[in-house]
Amino acid sequence: MENFYEIDHLVPKLDRDSVLKAMDCYEDSPVYEEVVDEYEEICEDMLKLAEPVGILGFGTLSESIETKQYKAGTPVIYAVLSIGDGIKQCSTKAFQEGDYVKGMLCDAIADDLLFSLEGRMMEKLKESCAEHKMGILKRLEAPHDISMESQRVAWEHLELQRRFGIGISSGYMFDPVKTSCQVFILTEDESVFQAHHDCRKCPNIHCKMRNIPKTEVEVIRGNETRRIVMAEGEFMMDALIREGFYLSAPCGGKGRCGKCGVQVLEGDAWITPEDEKTFTKDQLNAGWRLSCRLYPTEDLKIAFTLNDESVFEILGDTLEEREDSSANSRDGHLEKTEEDEASVSGKTGKFAVCKNTSVSEMEESGYEIAVDIGTTTIAMELLGKDSGKKLHTVTCINEQRAYGADVISRIQASVDGKKEELKNCIRQILRQGIRRLTAENGISMGKIERISIAGNTTMEHLLMGYDCDTLGVYPFTPVNIDLTKGSYEEILGTAGHPTVQNHAECTAEVELLPGISTYVGGDIVSGLYACGVDSSEEICLLVDLGTNGEMALGNKDRILVTSTAAGPAFEGGNITWGIGSVAGAICSVEIHDQKAAVKTILNQPPVGICGTGVVETATELVRNELVDETGLMDEDYFEDGFPLAETEDGRTIAFTRKDVREIQLAKAAVRAGAETLILRYGISKDQISRVYLAGGFGYKLDKEKALAIGLLPPELGDRIEAVGNSSLSGAAKYLRDPEGEKKLKHLVEISQEVSLSTDKEFNEFYMDYMMFDGE
């Protein structure tokens, strides 16, 4: 009876949809058609390059890889599949030549081909087990169930070097890399065959083949005990938020900030690399895990304590007042009220004062409030009705970010049944902010006469409780983006809330400023209005950089607008050590003699990298020739990234080649969007009089470094002006301007949206401006 079986009849198959899904490329993606064309062109060649081999062999666990449950000597089958190195070489060559689409496509195709061999392996396992009169009790996969060293043991046992020329590194990685390894625990019960992949133990929660049973978690917080049934594909942090536990997660649940820790008291939970970076060995042994990385694979009991919100740097400066207000900033907590007790999740708001002019110095017959609802932050201004002066400004985190850091995540959360939670969350924060503005200035709620609100289309939909089903799918149709007026009670939700009686006396009219489309909302219209584009003869470009790079080009007669999927890199998202604008975030970088000198927000010890730090790091790496114009990182930093600083506990904050790729994609999208608008408008760059950079990122951005990596056309460099929170500026201007409604309507009427997803020139610009040449 043989102990080794080569797996014959291996026929790799390709599934185009799964390949595109692995690349996060869908029909609404700006380069969808280009990727599909590239796929059709190379798929047959990739199939020819695949050299599938497979083998399984009976053996036992060695002492070096035994687990708590399965000790050395346990009978097992080691199984290995590979598709060879041809496709990977093709991918590497494409990246080196700057053909990033082809490189990523080749890599995704290789993964799909390897996965397609699984079915034939299962057939061979059943045949060999029947021959040995054995069954399979459990499937172990590294690193979740068994150590990575198991791959070395399998490599030696199956003689992979001799049989197939497969090598292995000191870190137990196969060469070719597109090689998989499994260890199957054997049992004498021939009827048992639990050899298939256990999706509950796999971190790839977006796999289309995913199928898992329900998991129950017992949550202990103080004297409270609650049981949570986990939804499919749900991380622990998401479940806690769903159940009303508010978490401080400045990094947006990416495992960077270490603020969402829970302690596993009963049950097993694997240790992720992010856990190892956050907790000491003793803490890990005691069960501490990051809830944003914890995906329960069995029923658990956990202990959970709330964390304080980190200090977040929020821009309250507006177009008219752009002086640095940080010296006057301070943290503040709203005192707990009955309203807080009645909220959907029991959260208490947290606001910072940006500017405060004593109301006692003013003689006002009434007051008005301007509001900017951003995806990440909220800013609110109190204005005197008679004087029009700004009396008080407060800012806070948009606590909806606990449901996702970007609009797409929140749209999905709304569609998934969290619409009421999201609506109640934002309404409560706005009520708290208004109470702060009035209480600290000794103003009764009855004195507030008007409130204007500017926000992107998704934020306004969530506030109004509109269905978001059509926002995230083609053709991206909003429910309502017109100027909307209603009473305080109707829009901020005091009706039906008996515990918010302190707001009942407010009879203010609330107005939501109009938008242009799903992805060019009221915040951009407000920004255009604040910058005076409605009356300008000169052509101006407004750029608001965030998760989506919204842009508008034009004057009083004609405006073209667009939104480009820049990705969250400008807000620290998708960056290895990326983080929001929190205390300790690296915001400025200089590199000399291959050593980095960094500055952090509020001069606190480094904890991560925010958006401006990302841009400056990329610029400095290119300037020092540590990253070439194609985005290829110097070989000395290719594996571990370029070190920027150390955290207080000695961990290295590094900028990796993956991060370089993220900023490449983001800046290429912004630059391509701007170039496309200019082309479609039919003007030359010298006809643009001003470039307004809006928002907190633009306000803090080093213009010269942004131009150095080609974020914006260099010809416009001398015309770039940071305008602060132009959305808030516009909302405040609207309250003072008797012609405000007419002017906003005019801006919307003369604006035309340019769809980039189907624009051929945009795709060409996008590929051209991947390069770090500053052109």
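Modeller: The model is predicted, and local features need pLDDT of at least 70, while side-chain atom pairs count only at pLDDT 80 or more and totals for chains, interfaces and linings use all residues. Residues are numbered from 1 along each chain as its sequence is written, and side-chain values use heavy atoms, with hydrogens and water left out.

Colleague: Why is the pair of Phe235 and Tyr295 called edge-to-face?

Modeller: Rings of Phe, Tyr and Trp (its six-membered ring) pair if their centres lie within 6.5 Å, and planes under 30 degrees apart count as stacked, over 60 as edge-to-face and the rest as tilted. The ring centres of Phe235 and Tyr295 are 6.0 Å apart and the planes stand at 75°, so this pair is edge-to-face. A search of the whole structure finds seven aromatic pairs.

Colleague: What makes Tyr637 and Phe642 an edge-to-face pair?

Modeller: Their centres are 5.0 Å apart and their planes are at 70°, so the edge-to-face label applies here as well.

Colleague: How do you know that the charged end of Arg293 sits over the ring of Phe235?

Modeller: The criterion is that NZ of Lys or CZ of Arg is within 6 Å of the ring centre and within 35 degrees of the ring normal. The charged end of Arg293 sits over the ring of Phe235, 5.3 Å from its centre, and that of Lys733 sits over the ring of Tyr529, 4.6 Å from its centre.

Colleague: Why are H3 and H4 called roughly antiparallel?

Modeller: Helices (H or I, at least four residues) and strands (E, at least two) are DSSP runs, numbered from the N terminus. Axes are lines fitted to C-alpha atoms, for helices over the stretch in contact, with angles from 0 to 180 degrees between N-to-C directions. Angles under 35 degrees count as roughly parallel, over 145 as roughly antiparallel, 65 to 115 as roughly perpendicular and the rest as oblique. The axes of H3 (residues 86-96) and H4 (residues 100-116) come within 7 Å and cross at roughly 165°; H3 and H4 are therefore roughly antiparallel to each other.

Colleague: What makes Lys423 count as buried?

Modeller: Buried means under 20% relative accessible area, exposed over 50% and partly exposed in between (1.4 Å probe, protein chains only). Lys423, found in helix H12 (residues 407-439), has a relative accessible area of 14%, so Lys423 is buried. Leaving aside neighbours within four places in sequence, Lys423 is in contact (heavy atoms within 4.5 Å) with Leu462, Leu463, Met464 and Gly465.
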